[in-house]
Amino acid sequence: KNYAFLLTAFSLFFSQAKAEVTTLEGGVDQVVCITSGTLSVRSDDLAKVLFFVKRGDRVKVFQGWGDVEKTKNIGGVNYVFSKVQFPDREDEADSIGWVAETYIKERSQCAGMAPIKDPDDVPDLVFGIDDPNCCEFPLAIRPTHSYTSAPRSFGAARASGRKHAACDLYRAKNDLIRSVTDGTVIRGLYFFYQGTYAIEVKHSGGFVVRYGEVTGKAAVNKDQRVTSGQTVGYMGKTTCCTPMLHFELYRGTASGSLNSTTKPYQRRSDLMNPTAYLQKWQDNAFRDQR
């Protein structure tokens with residue numbers, strides 16, 4: 001009798017626990033509630049974007065059992081992330097991930113929200129350049145030469161008193177160039193220098209990268225969303241030098257063309273030195289190869 005009682009009690013406990021880890025099958029109709037653009041759905045460590053969802057997509061929230069809520073500070077704001085499922089994506093490779101609770105609402109609450117005029121005002125909820133979770137090194141293999149030494153280094157002397165506005169990462173022609181983190185292509189493939197091309201991507205937190213001296217083979221297009229590690233181009237070769245990625249970095253606090261007549265760099269005022277960032281990302285990428 002005692003054995004039967006314990007077995008029954010265990011079965012009840014297991015059934016309740018199992019119910020707590022499954023997503024809600026009914027009840028309140030919850031949806032993604034953003035005013036414009038798309039919302040990133042993240043991995044368990046919140047470091048990777050798995051896929052994007054749009055306003056009105058149905059959401060089922062995991063309840064109570066296990067690790068179903070996490071907090072992350074982004075841009076000085078603490079966001080609570082919840083583990084959710086998107087039932088309309090169940091036939092796709094990914095349907096489960098983490099989103100900020102503030103963007104999950106009842107459908108009736110979301111219906112009256114007016115869209116905003118500027119899509120850039122929608123918080124992307126992805127990490128900025130100074131966040132420890134950002135970013136990936138833009139090459140899959142170590143550069144063959146140091147980008148901290150002239151002529152490849154940022155600030156190295158150029159003709160007519162100009163200074164080098166990038167770090168040059170030497171490898172082999174047609175090597176893959178990878179997005180350092182999530183973002184949107186703000187300028188597609190365009191002619192750059194000595195038979196090579198460039199693309200510009202606005203990344204998480206608003207910083208901008210110009211991936212320069214790539215080939216003319218398009219990997220992404222203007223307005224396309226890209227994810228961390230995604231191929232955005234292929235390493236090109238100028239008439240004078242070894243194949244390279246010319247990597248320019250901008251804070252994103254200015255607007256307009258990245259080029260300028262202002263010396264010494266002849267670049268937009270929010271130009272940054274990318275050296276320390278590249279070194280950190282390289283160390284993280286190849287720590288097992290030291």
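Predicted model: local features only at pLDDT ≥ 70, side-chain atom pairs only at ≥ 80, totals over all residues.
Colleague: Thanks! Why is N174 called partly exposed?

Modeller: Its relative accessible area is 47%. That value falls between the limits of 20% and 50%, so N174 counts as partly exposed.

Colleague: And why is S160 called exposed?

Modeller: For S160 the relative accessible area is 67%. Exposed means over 50%, so S160 belongs in that class.

Colleague: What is phi of N174, and where does the residue lie?

Modeller: Phi of N174 is near 75 degrees, again a positive value in a residue other than glycine. N174 sits in the loop between β9 and β10, the latter being 176-178.

Colleague: Let's turn to the peptide bonds. How do you know which form the bond from A150 to P151 takes?

Modeller: Look at omega: it is near 5 degrees, and the bond from A150 to P151 is cis. P151 is in the loop that runs between α2 (107-111) and β9 (167-170).

Colleague: What is omega for the bond that joins K263 and P264?

Modeller: Omega is about 10 degrees there, and the bond between K263 and P264 is cis. As for its place, P264 lies in the loop between β16 (244-250) and β17 (271-272).

Notes:
Residues numbered from 1 in each chain as written. Heavy atoms only, no water. Helix = DSSP H or I, 4+ residues; strand = E, 2+ residues; numbered from the N terminus. Buried < 20%, exposed > 50% of the residue type's maximum accessible area, 1.4 Å probe, protein only.
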